Amino acid sequence: MSRIKKAFEDGKAFIPFITCGDPDIDTTAACVREAVRNGADLIELGIPFSDPTAEGPVIQSANLRALTGGITTDKVFELVEDLRRDIDVPMVFMTYANVVFSYGKERFLEKCKNTGIDGIILPDLPYEEKEEFLPYCRANGVDLISLVAPTSDERIAMIAREAEGFLYIVSSLGVTGTRSRITTDLKSIVDVVRENTDIPCAIGFGISAPQQAEEMASLSDGAIVGSAIIKIIEKYGKEAPSHVGEYVRTMKDAVRGIY
């Protein structure tokens, strides 16, 4: 059984997103470890990119800080190797197609396999063009995780039928960022997903408060949070790991309905 499937086996999953190298690689490692210690079921690691088109200003700024600090894709792989010494929860990369292209698709996916990355999310990869990457992912046992958005309409069923790992449901139109309210009819999207696949689905984009996490997890199999965590890291810098851990514990309790 894949690690990703296991992440959803013990109830609703909480999935934090952390930008690698913000403010430095050691802080990233400590934040990931604190997140796992406090109940994170799966970790999304962002590989910084100079033009992260799906990201709002909070994660864009994190990308810039990381790149200015000298983060590279090779350093991210070294980070994953270090984390895998004591962390067994699934880890997936969230990055952009150009990052993989520039590194070399075959080389990148082989490194994913060798370092223990379980999946990859490419938000700028159109579903119709996934064959550019899918053979390399499958050859290395790395799930190419698909996204569905409120605008996916009749394509939701098609995407769900071919989903791998888990399905990332985008809660709202626009870029990442915290939102006071999420008004999309997510239940109807999840219903279509459930009719077409047994793969777990988790909702991301805009979730920051425990009540939102509980609501999204009640509709789906888990909640994904990025910008709210990046704000904590931006605020506390190298002192952020313990604060990230506290936040993750609160949100994990929320998805379980016990906050």
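Buried means under 20% relative accessible area, exposed over 50% and partly exposed in between, using a 1.4 Å probe and protein chains only. This is a predicted model, in which local features need pLDDT of at least 70 and side-chain atom pairs count only at pLDDT 80 or more, while totals for chains, interfaces and linings use all residues. Residues are numbered from 1 along each chain as its sequence is written, and side-chain values use heavy atoms, leaving out hydrogens and water.

**Figure 1. The whole chain, to get our bearings.** Of the 259 residues in the protein chain, 57% are buried. The chain holds 12 helices and nine strands (DSSP runs: H or I of at least four residues for helices, E of at least two for strands, numbered from the N terminus). Its C-alpha trace spans about 45 × 40 × 35 Å along the principal axes.

**Figure 2. A close look at Asp118.** Asp118 sits in the loop between helix 6 (105-115) and strand 4 (119-121). With a relative accessibility of 11%, Asp118 is buried. Its side chain joins that of Arg3 through a polar contact of 3.0 Å (a pair of N or O atoms within 3.5 Å; within protein, one must be able to donate a hydrogen and the other to accept it, and residues adjacent in sequence count only if both atoms are side-chain atoms). Beyond the neighbours within four places in sequence, Asp118 has contacts that include Arg84, Pro90, Met91 and Asp143 (heavy atoms within 4.5 Å).

**Figure 3. Over to Arg138.** Arg138 belongs to helix 7 (residues 134-139) and is exposed, at 55% relative accessible area. The side chains of Arg138 and Glu164 make a polar contact of 2.8 Å.
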